[in-house]
Amino acid sequence: MLDFHSRSANRKTPQQQRSREMIDRILAATAQVLAERGYAGLSTNRVAAQAGVSVGSLYRYFADKNELIEELRSRSSADVLADLTGALTAAVPMPARDGVRHVLTVLVAALKRHRAVTIAMIDEAPLGAHGNILPEVERQLAQITRIFVAVHAPHLEQAEADARIHLAMGVTLNACLRIALDPAPGVSEDRMIDLTAELLVLGLAPLQQTA
């Protein structure tokens, strides 16, 4: 028997659909203005003009440009984390170097895709530590990296594995940000990813004992 009440409850009303479409339009315009002018050049007037809506319509959904940035941050973070989770899950059964390279490639691509908002979060937007997408990315990266390390470096004791993972998070995120947002001149992206993968895989090897 069809549950008409359930179907009706799940169906979006025209007003809800229009609101979502308006929000998506405003946020797309925000990303465009950020890409062209940076955080300092972002204003609600410019976003409204880019979106082709009145400033009054924009203020129905967002109080100021910081709310625009925060919503973009939230969406970008969710998108990057979804890509990262899939990449890390796929990487676990791969050979160590291939798995690390796969994760780096996916993370660099995600950061490039969200270049404007990533730069705003890291360098410009006055939202404090909670406005930065990187802590969320690092937490997710660390959680699944523990599984990867357990599979590919079972010789490491827990305390040693935790220390190496902690250091690897900084190397991974900073390297991917450099590759995505500030690439080295004259060096291909693939080469930079290869170099980073080699460094990270070395971190899984047993340390040589010194006399």
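Lys 65 sits over the face of Tyr 39, at 4.1 Å from the ring centre; a charge counts as over a ring if NZ of Lys or CZ of Arg is within 6 Å of the ring centre and within 35 degrees of the ring normal. This is a predicted model, with local features needing pLDDT of at least 70, side-chain atom pairs counting only at pLDDT 80 or more, and totals for chains, interfaces and linings using all residues. Residues are numbered from 1 along each chain as its sequence is written, and side-chain values use heavy atoms, with hydrogens and water left out.

Neighbours within four places in sequence aside, Thr 44 is in contact (heavy atoms within 4.5 Å) with Leu 58, Tyr 59, Asp 64, Lys 65 and Leu 68. At a relative accessible area of 10%, Thr 44 is buried, given that buried means under 20%, exposed over 50% and partly exposed in between (1.4 Å probe, protein chains only).

Now for the nonpolar cores, meaning sets of buried Ala, Val, Leu, Ile, Met, Phe, Trp, Tyr and Cys residues joined through side-chain atoms within 4.5 Å. The largest has 36 residues, and Val 103, Leu 104, Leu 107, Val 137, Leu 141 and Val 149 make the most contacts inside it. Two or more residues each come from H5 (65–91), H6 (96–113), H8 (134–152), H9 (158–181) and H10 (189–202), with H9 giving the most, at 10 residues. A second, separate core of 21 residues includes Leu 34, Leu 42, Leu 58 and Phe 62.

In H6, the buried residues include Val 100, Val 103, Leu 104, Leu 107 and Leu 111. Beyond four places in sequence, Leu 104 touches Thr 172, Cys 176, Ile 193, Thr 196, Ala 197 and Leu 200.

Of these, Ile 193, Thr 196, Ala 197 and Leu 200 are buried in H10, as is Asp 194. The buried residues of H10 fall within an arc of 170°, so they line one face of the helix. H6 and H9 are among what covers them, while Leu 199 and Leu 202 are exposed on the other side.

Note on methods. Helix = DSSP H or I, 4+ residues; strand = E, 2+ residues; numbered from the N terminus. Arc of directions from axis to C-beta.
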